[in-house]
Each structure stands twice: as C-alpha cells, then as structure tokens.
Number of protein chains: 2
Amino acid sequence: MNAVVKPLYELVKNHVLGRIRSGELKPGARVESEYELVRALKVSRMTANRALRELVQSGVLARVPGSGTFVADLRSAAHPLQIRNIAAEIQGRGHVHRARVMLKELVKCPAEIARLLGLSDGLAFHSLIVHHENEAPLQVEERFVNPFVAPDYMSVDFTRTTPHEYLMAVAPLERVEHVVRAMAPNPTVASLLQLELSEPVLLIERTTWSQELPASFACLYHAGSRFELRGVFSI
Amino acid sequence: MNAVVKPLYELVKNHVLGRIRSGELKPGARVESEYELVRALKVSRMTANRALRELVQSGVLARVPGSGTFVADLRSAAHPLQIRNIAAEIQGRGHVHRARVMLKELVKCPAEIARLLGLSDGLAFHSLIVHHENEAPLQVEERFVNPFVAPDYMSVDFTRTTPHEYLMAVAPLERVEHVVRAMAPNPTVASLLQLELSEPVLLIERTTWSQELPASFACLYHAGSRFELRGVFSI
DNA sequence: GGAGTTAAGCTGTATATACAGCCCACGAGG
DNA sequence: CCTCGTGGGCTGTATATACAGCTTAACTCC
C-alpha cells in the first residue's frame with residue numbers, strides 16, 4: 001500500500017485548520033494572507049487561494065477584501081442537519097421499504113394551501129401514503145400537488161416510486177423549503193402510525209418549487225419514538 | 001446604479017443551472033466538459049473548472065474522472081437544515097433574550113453520559129438554564145460538561161454568556177453532532193417551559209468535541225408550539 | 001472474430017502571471 | 001492639529017500552460 005498523496009491545497013487547509021483546532025487561533029484571529037502562505041509553504045498563490053476559499057465556504061474562515069482573512073465567529077455559525085429521502089434512508093439501513101397508498105384524488109384544497117401553491121381555483125392533487133420500514137409504519141406523507149406542474153400525478157404507482165422521486169423526475173427541482181416541529185398527532189395520523197394520541201410526532205413540512213412555480217406542499221409525520229434527524233458538523 | 005458585474009464563473013454556473021432548471025438536463029444527463037465550455041463560452045479552462053467544481057460541492061453535479069460531468073441524482077441528495085445559537089436567533093428577531101440559571105453544580109453524572117464524555121470517575125459540571133424570549137420560556141438547556149476541557153465552567157455568569165459561547169471561546173470547537181426528535185416532556189421540563197405534560201417537545205441533543213476530547217453533552221428542549229427549525233435549499 | 005494496444009478525451013491538480021478594487025497606515029501639506 | 005492623498009498589502013478574478021491518471025472507443029494484430 002502506497003501512502004495516499006494528498007493534494008497540496010488539502011495540506012494548506014490542514015495547516016490552517018491545525019492552528020485553529022489546537023486553539024492557537026481563536027475566532028476573530030487573523031490567518032496568514034495568501035502571499036504569506038505562498039512564502040511559508042512554497043505553494044502557488046492559486047493553491048493558497050483555493051485552500052482559503054474552501055475554508056470560507058465551509059464556514060471556518062471569513063475574508064475581508066483589502067484587509068485579510070480571519071477565523072469565523074462560530075458563535076453565530078449555523079450547524080447543518082440533513083433531511084433525506086425516506087425510501088433511500090430505509091434502504092440505506094438495509095431494511096425493506098413499503099408504501100401503502102391510502103388516498104390519491106383531485107380535491108379542492110384548503111385556502112391556505114391553495115394560496116401557497118398559487119392555485120386560483122384551489123384544485124390540487126392530494127395523496128396520503130404510509131411508508132413502512134420492515135412492516136412498521138415510519139412516516140405518513142400527506143401531499144398537495146400543483147396540477148399544472150405534474151399533470152400525470154394521478155396515474156403514478158406510488159408503491160414503486162415515491163411522490164418526491166416522481167416530482168423530481170417530471171419537473172426539475174429548483175428550491176425546497178423545510179420546517180421541522182414537534183406536535184401532537186390528529187386521530188388519522190395517530191391511527192396510521194399506530195400511535196396513542198398522547199405520543200408526540202415529528203413533523204417535517206416540505207414545500208418545493210419547480211420552474212418558478214410552487215410544485216407541492218407535503219406534511220411528513222413521524223412517530224417521535226421511532227424517528228430522528230441527525231447531523232454532524234466538523235471543522 | 002450600475003449593473004453589478006457578475007464574475008465569469010457565475011455566468012458559467014448559471015449557464016449550466018439554466019439547462020437543469022429548464023428541464024433540458026435531467027438527473028444523470030451529461031453536462032458539457034470543461035473544454036466544451038471553454039470553446040462555447042470563451043472562458044479559460046480554470047474558470048470552467050471552478051464553475052463545475054462549485055456545482056459539485058453544492059450537490060448539483062457529480063463528476064467522474066476520465067469520463068465526464070453529470071447532473072446529480074437529487075433523489076438521494078440531502079437537503080440541509082440549520083441549527084443556530086439560541087441567543088443569536090432571538091436577538092436576530094429583535095427580541096430580548098434572558099437566561100435563568102436553575103442549576104450550576106459538580107455532579108456524578110449518569111453512566112451513559114460519563115461514557116459519552118470519557119469520564120472515568122463520572123464527575124462532570126452540570127447546568128440547567130432556561131432561555132426566555134421576551135419573558136416567555138423558549139428553551140430549557142441541560143448540559144453536562146467535561147471538567148478537563150473547561151475547568152472554569154463553574155465561575156461563568158451564564159446570564160451574560162451562553163454555555164455554548166463560553167465553551168467555544170475557551171476550547172476551540174472541532175466537531176458537533178446533533179440529534180433532533182419529538183418527545184413528551186418530563187415534569188421538570190414541562191414546568192420550566194410552562195407546558196402541559198401532554199404537549200410535545202422538540203428535543204435537540206448536541207454533543208461537542210474539542211481537541212480530540214468530548215467536551216459537552218446538551219439536551220435542548222423547546223415547546224413544540226413555539227419553536228421550529230427551518231431550512232431552504234436552492235439549486 | 002477476439003484480444004491486446006493505443007490514442008483521444010476527460011477530470012484533477014499545480015504554477016506563473018496579471019489586473020481590479022478595497023483597506024489602512026503613513027506622511028505631506030494646509 | 002486635522003485632512004487629504006498615496007502606496008503597500010490584501011482579496012477576487014481571469015488566463016495560459018502543464019502534467020498525471022483514468023476511461024472509453026477505435027484500431028491493429030494474431
């Protein structure tokens with residue numbers, strides 16, 4: 001086994017990261033300029049620039065044109081979490097994913113959702129699907145879909161393709177907005193997730209846009225005791 | 001007002017993004033190679049390379065050395081969410097943040113937490129703080145801190161600095177792990193958040209590492225009806 | 001016809017060079 | 001003493017060039 005040759009810009013990044021990790025450089029402290037790195041580490045300025053630029057993008061550093069590069073103030077930095085496709089997540093755990101389609105219909109949707117989807121007549125496709133992991137219900141997915149964006153929504157077999165997958169294939173995704181909150185389930189959701197009404201539920205609201213239009217609004221309900229979101233952030 | 005001159009690599013990114021947004025390029029489709037972009041858009045290869053590299057980093061494209069560049073399969077892409085500092089978030093809304101320190105002590109902590117923090121004797125600092133937004137309780141923060149990482153923890157005034165801020169200042173943060181879930185509150189948390197026991201709570205568990213050591217483990221409890229996490233993802 | 005070789009095309013990295021624009025400190029001149 | 005200008009240092013962007021390593025397809029030779 002040969003030692004893996006690391007790219008030079010990675011070495012430059014680690015040089016800076018090491019001084020931050022060790023505590024030598026605290027938030028707000030000044031980092032070497034590109035030219036100083038060129039002289040100290042015998043690299044080209046483009047290499048130093050790439051290293052620093054990538055550290056800015058990951059939130060470790062902040063740069064002020066004309067002034068210098070500084071360790072970012074992590075107090076206000078946001079730590080990322082990730083929301084993944086439910087079917088992919090279940091399959092990634094090596095388990096079996098199964099979807100039960102409870103409803104698939106064209107309805108006049110609530111005024112607030114019609115407004116959100118930009119529907120003048122309020123008519124939208126509506127689906128209610130329960131996603132199972134090894135036969136245990138994990139997620140209830142209630143979705144309203146803009147018929148102008150996905151006119152064939154009613155003819156899709158959602159036991160084979162998730163609505164999210166279908167929408168992405170038929171209309172290129174442009175923007176996704178998520179809201180996560182804890183709530184008590186309504187009787188329908190509780191029964192579909194096989195929960196008591198007192199058991200809390202983790203709700204993810206997902207709104208998607210495609211080609212400048214609101215494409216769909218989904219409520220993803222999960223049993224609090226069986227579902228969690230995880231995220232790791234490393235500098 | 002002059003029109004803002006966009007960098008060339010942004011124009012190249014938009015050229016590619018436009019073809020994806022319009023639906024012309026679907027997931028898996030091949031994108032122009034760097035040399036094709038050089039010829040088509042009259043830019044240098046480094047500029048095309050930067051544009052494509054940044055689109056890879058944002059998850060829009062995937063590159064295969066020796067083969068080509070392709071539109072990423074968004075079905076498996078993860079959408080980012082962000083967890084922010086509570087005091088910064090409240091102040092960002094223009095509201096008043098106030099912290100009530102309920103406990104600040106050295107305790108023998110539960111075995112599982114001792115193991116998590118790598119404490120052989122199980123002795124850790126323990127604090128319980130309620131964060132208020134305009135005098136309404138928003139978050140209960142229970143935290144166990146490794147005394148070897150932050151020996152002065154007990155002498156800090158947490159009505160002026162949040163524990164998270166203090167820990168970041170005293171020991172450079174290296175890694176943060178978050179777990180988000182919905183749960184029913186225990187009586188202590190319910191009373192501190194002024195909730196009924198039946199009202200669900202959004203719990204964020206945060207574990208931090210500093211200089212190769214586990215530094216702290218925190219449980220952040222929020223009233224489900226007053227707190228939510230938000231995230232936007234755009235291509 | 002099949003197997004092995006070769007060439008073209010691709011990404012990934014690295015360098016030297018150039019110019020624009022911003023910031024700050026220093027110094028000259030009022 | 002205060003103000004204005006200037007120069008040095010910094011980031012940001014852009015180009016031309018080079019080489020390594022990988023993949024794929026075509027082509028040659030058996």
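How many residues of chain A are in contact with how many residues of chain B? In this predicted model, 47 residues of chain A are in contact with 46 residues of chain B; contact means that the C-beta atoms of two residues, placed from the backbone, lie within 7 Å.

Local features need pLDDT of at least 70 and side-chain atom pairs count only at pLDDT 80 or more, while totals for chains, interfaces and linings use all residues. Residues are numbered from 1 along each chain as its sequence is written, and chains are lettered from A and ligands numbered from 1 in the order in which they are written.

**Between the chains**

On the side of chain A that touches chain B, β8(A) gives the largest share, 11 residues. By class, that side has 24 nonpolar, 12 polar and 11 charged residues. Here Ala, Val, Leu, Ile, Met, Phe, Trp, Tyr, Cys and Pro count as nonpolar, Asp, Glu, Lys and Arg as charged, and the others, Gly among them, as polar. Helices (H or I, at least four residues) and strands (E, at least two) are DSSP runs, numbered from the N terminus.

**Strand pairs**

Two strands pair if DSSP finds at least two bridges between them.

| Strands | Bridges | One set of opposite residues |
| β6(A) and β7(A) | 9 bridges | Glu133(A) and Ala136(A) |

A hairpin is formed by β6(A) and β7(A), with 2 residues between them. In its turn, Asn134(A) has a positive phi of about 50°.

**Nonpolar core**

The largest nonpolar core has 74 residues. Such a core is a set of buried Ala, Val, Leu, Ile, Met, Phe, Trp, Tyr and Cys residues joined through C-beta atoms within 7 Å; buried means that 20 or more other C-beta atoms lie within 10 Å of a residue's own. Among the residues that touch the most other members are Ala150(A), Val201(A) and Tyr221(B). Tyr221(B) touches residues including Gln139(B), Pro185(B) and Leu203(B), not counting residues up to four places away in sequence. In soluble globular proteins, nonpolar side chains tend to be buried together.

**Around the DNA**

Around DNA strand D are 23 residues, each near it in the sense that its C-beta atom, placed from the backbone, lies within 6 Å. Ser33(A), Leu8(B), Ser44(B), Met46(B) and Gly66(B) come nearest. Elements giving two or more residues to this surface include α2 (34-41) of chain A and α1 (8-21) of chain B. The surface has 9 nonpolar, 9 polar and 5 charged residues.

Definitions and conventions:
A residue is buried if 20 or more other C-beta atoms lie within 10 Å of its own, exposed if 12 or fewer, and partly exposed in between; C-beta atoms are placed from the backbone.
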